[in-house]
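Biologist: Could you take one part of this model and look at it closely, setting it first within the whole chain? I would welcome one connected account, with the cut-offs stated as you go.

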Amino acid sequence: MARSSSGFVAGLTAAALAAVAFLAYQASAVAPSPAELAERPGAPSAVPSAPATGAPQQPRKDPLALPANSGKGERVVYGLTDRRVWLVDGRDRVTHTFSVMPSTVSPPPGTYAVTSRSGAVRGSDGVQIEHVVRFATVQDVSIGFSAAVDGSTPSPDPSRKTGGIRMKRADGDAMWRFAVIGEKVVVVP
C-alpha cells in the first residue's frame, strides 16, 4: 500500500507542476509587455532600469509632451492622433494641456486662426455647449473646440457630420481665456 500511495503522490505532484507551468505560460502569453505598460498614460512603469541585453534603452515618449513640428510662438496645438490640445505661450512653454473627444469631421493638418467664438449655443449634435472657439470649415462643417454644459464628452454619432471637438468644462474655460479671435491654431497628425 505504501508503494501505491507514493506513486499516487508523485503523480499528483507531477500534475500540479504541469498545471502551474501551463498557467504561467498562459499568463505570460496574455500579459502586456513592459514596453506596452510604459506606453499607457498613468500606468505604473514596469520597464526595467537597464535592459537585460545591455543594449541602450530607448527614451520614453512623454504622452503630454508638445508634438515636434507644431510651430513656434503663442498658439493652440491640436494633435489628431493624440486627441490632445496644448495651449502654448509666446516663449514656447505649454501652459495647459488636456485630452479632447474629436468630432466626426476633422481638419487636415495645417495652420489656422480662430475665426469666431460663441459663449453658449446648441451644438450640431443638439447638445447645449459653451466656450465655442471655431477655427476651420471642412465639408461645409464648422470645426471648433467646445465644452458641453452638462460636462459630458461622449463619442460623436458617426452617422452625423459634426465639427465640435469636445473637452471638459474646466479645459473649455482655459481655452476660452486663451484663444481669442486671430489666435493661431496648429493641427498636427
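Modeller: Of the 189 residues of the chain, 31% count as buried, where buried means under 20% relative accessible area, exposed over 50%, and partly exposed in between (1.4 Å probe, protein chains only). The model is a predicted one, in which local features need pLDDT of at least 70 and side-chain atom pairs count only at pLDDT 80 or more, whereas totals for chains, interfaces and linings use all residues. Residues are numbered from 1 along each chain as its sequence is written, and side-chain values use heavy atoms, with hydrogens and water left out.

The chain has three helices and nine strands, taken as DSSP runs (helices H or I, at least four residues; strands E, at least two) and numbered from the N terminus. Along the sequence they follow the pattern α-α-β-β-β-β-β-β-β-β-α-β.

The part I would examine is helix α3, residues 169–178, in which Asp171, Gly172, Ala174, Met175 and Phe178 are buried. These residues lie on the same side of α3 because they cover an arc of only 160 degrees around the axis, the arc being that of the directions from the helix axis to the C-beta atoms. On the face turned away from this buried side, α3 carries the exposed residues Ala170 and Arg177. The cover over the buried residues of α3 includes β1 (75–79), β2 (84–88), β3 (94–99), β6 (128–138), β7 (141–148) and β8 (164–167), with contact meaning heavy atoms within 4.5 Å.

Between Ala147 and Val132, which are 15 residues apart in sequence, the C-alpha to C-alpha distance is 7.4 Å.

Met175 of α3 leads on to the largest nonpolar core, which has 25 residues, those with the most contacts inside it being Val76, Val85, Phe135, Phe145 and Met175; such a core is a set of buried Ala, Val, Leu, Ile, Met, Phe, Trp, Tyr and Cys residues joined through side-chain atoms within 4.5 Å. At least two residues of this core come from each of β1, β2, β6, β7, β8, α3 and β9 (184–188). Apart from it lies another core, of five residues, among them Trp86, Val88, Val186 and Val188. Val85, again leaving out residues up to four places away in sequence, has contacts that include Val76, His96, Phe98, Phe145 and Met175.
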